[in-house]
Amino acid sequence: MQSDIDLEVKTKAIKIISFFSLAVVTAILAVTTVGVNAGWPTSVYTSWPMVCLWAFTAIAALAYMLRVHLYRKPAVFGIHAAFLLILAGALCTHLTATEETLHLRVGERSPEAGATLASFNVIPYPGTDVPKDFVCTLRDESGETAEASMNRPASCGGWKYVIVSFDDDRGGVTLSASRDPWGKGLSYAGYILLALSFIGWFLTPGTSWRKALARLGTVVLLLFPNTAKAADIDSGFASEFGTVPVLYNGRICPMSTLARDFTVRLTGGSASFDGKNPDEVLAGFLFDFYDWKRIPIIRLNNKDLQELICKDGKYVSYENFFNAVTSGIIDTEDMSARKRYAKEIDRFEAINMLVSGELLKIFPVRDKDGGIGWYSAVGDLPSDLDGDRWIFIRKYLGLLNEQVQRGDASERTVLLEALRKYQRKEIGDTMPPEWKMRSERVYNALSAMRWPPIAIGILGIGLFIAGLLSRRGLAQKVAMAATILSFAWYTFLIVMRWVVSGHVPMSNGYETMTLLAWLLLLTGLFFYRMRLMPAMCLTASALAAGVAAMSGAGSSVTGMTPVLDSPLLSIHVLLVMASYALFLLMAIAGIAGLTVKRESERMSSLALAMLYPAVALLATGIFTGAVWADMSWGRYWGWDPKEVWALVTMLIYSFPLHQRLFPTLRSTRGILTYSAVAFLSVLITYFGVNFFLGGLHSYA
């Protein structure tokens, strides 16, 4: 009897030690990200005190796993063993891996790694001189060659080579050369074991997740006002000018895309102004500047600046802003003033760049080597450019403006067709097809509509409240219908953006928040018979769409940065955003359960039902990202702030997975409170890191 008591005491002590140690690790990681941002060296993450703390936590966890005979549950044991294996791999990488930074010119040999740079080439996007990929060929001492490009390192002579940068003359590259004989293999084995164990656990009957679903009776479906008055501009010509191809954001797109971003930039978020669409706004400034310079359209965010030059509102005209600059009220040469009024000065300078013609890179020039550069009418042109093309480029906008002032529609059409003919002659088949340009214009018009997410949000909140107050099925049916329509809307937008951009739209803040809105609606469809779920998903998706709309320039369609052009990155983003969607729904369930007492049991079960797949998705997403990072950068973990906070979030949400070990989390109120409060870690991971800590993962 005494021995049983002693055994129970020892088991409880090991449990307390292991989880307390894990909590300490989580807290230290969270605090350290702030310290590193303040100037601490990143080596603090891998310092000996941290290594010892990780090792102590792992040993305590292993001891507890053996003490409670966790190996009797193969899937659960496999999940925990996988994390221990990943930690062991990380330790081996820390102790045995080596990394060198090499700079090689073509034909030069590295004495450290013994590899020779045989060649290096830059591959541009079709019809432009914007780099799409970088490719170098390496040769080892035995004569064997290997090719390295973005997202595809080269293995040569026992080293892995990753392209870091290249010389301005493209005659040399800087490479990261690394060797990791033990750690990477152990870590990858841990990733594989983790994936298999997750699959096994979700297929195992009688788990706490299955019980939470059973309690819910779940059936899864597989499946801004402005008083300014804008000057009139010929809408037909504005629309026609909006079809002109232009090089913008590193890719060839219709002028309407530039016009949309230009308008959003000036107004501080709206893609229209006083009933004028973006094409009309851009054409107004370009061809009717005398009237448009007097229209209050530049948004002033800074309150001090509002007091100085715009006492009657938040918008100022270009003319008034120009007068403030020339009179010295705004000193654009003073760095402190530029920093203080950065957004406003940026909007003012955007108009300067447009009306000067600098922003309009509409003239492609093919050089003698076949390369293509795009130029504006006022930019530096190639020195060997022939006279006819030089005159056409320099005089074109002036001639077009003259015909606009005359109101001669036929001559304007002739000039626009002349420009298109010149562009086709210079770049040939590399011009995007007409159907794709039209698709982009349609997407620009649809994505600029601000009322759909607002309507979805209002409807979602109303239906959620109605569902809380009444158990009748009408609100549920309306919510389901609204979810289907909203899901179809966002599916169409995402597919259109995919077609227009040429890559899976998951590369910036706007795209990932739009994806989050789509995933939330998809969750509502999956759990359509779970009362309140469709309404919750509608509300949450509207929040995500609202955040996407606030990202401003992030809504602009851009070419994919070469290093981001990888299927693994798309999978990584999809998994992580899916987990965030479930964590958000858990937070809403937590708040709803704490607010409406009679729904607390249901909301508690709902939170638990989403907890397990959410943590599994986040863990899988993190380690999928690690594999992508290894392929792209030659290392699978770099202690970037967002990497660290994603790990912190996973650890925070791992505690309620063990709720039977924590009496507080076994109560309904406990799990609801934890679900609501824990979401703060997700907010810090996604928003806090972007805005305050920065790093490689920081995007607008």
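Start with the largest nonpolar core of this predicted model. Select Leu-29, Met-536, Met-577, Tyr-580, Phe-583 and Tyr-653: these have the most contacts inside the core, which holds 122 residues. Next, select helix H22, residues 600-633; with 19 residues, H22 gives the largest share of this core.

Now centre the view on Tyr-580. Which residues does Tyr-580 touch, leaving out those up to four places away in sequence? They are Leu-516, Leu-618, Phe-679, Val-682, Thr-685 and Tyr-686.

In soluble globular proteins, nonpolar side chains tend to be buried together.

The next stop is helix H4, residues 183-203. At 1.5 Å a residue, the 21 residues of H4 should span 30 Å, and the distance of 31 Å between its end C-alpha atoms agrees with that. Colour the buried residues of H4: Gly-183, Lys-184, Ser-187, Gly-190, Tyr-191, Leu-194, Ser-197, Phe-198, Trp-201 and Phe-202. Look down the axis of H4: the buried residues fall within an arc of 155°, so they line one face of the helix. Then select Ile-192, Leu-196 and Leu-203, which are exposed on the other side of H4.

Last, colour the chain by pLDDT. The mean is 82, and 91% of the residues reach 70 or more. Select residues 218-228, where the pLDDT is below 50. Beyond near neighbours in sequence, this stretch has 23 contacts in the model. Where pLDDT is low, the predicted coordinates should not be read in detail.

Key. Residues numbered from 1 in each chain as written. Predicted model: local features only at pLDDT ≥ 70, side-chain atom pairs only at ≥ 80, totals over all residues. Heavy atoms only, no water. Helix = DSSP H or I, 4+ residues; strand = E, 2+ residues; numbered from the N terminus. Expected span 1.5 Å × (residues − 1). Buried < 20%, exposed > 50% of the residue type's maximum accessible area, 1.4 Å probe, protein only. Arc of directions from axis to C-beta. Core = buried A, V, L, I, M, F, W, Y, C linked by side-chain atoms within 4.5 Å. Contact = heavy atoms within 4.5 Å. pLDDT = per-residue confidence, 0-100.
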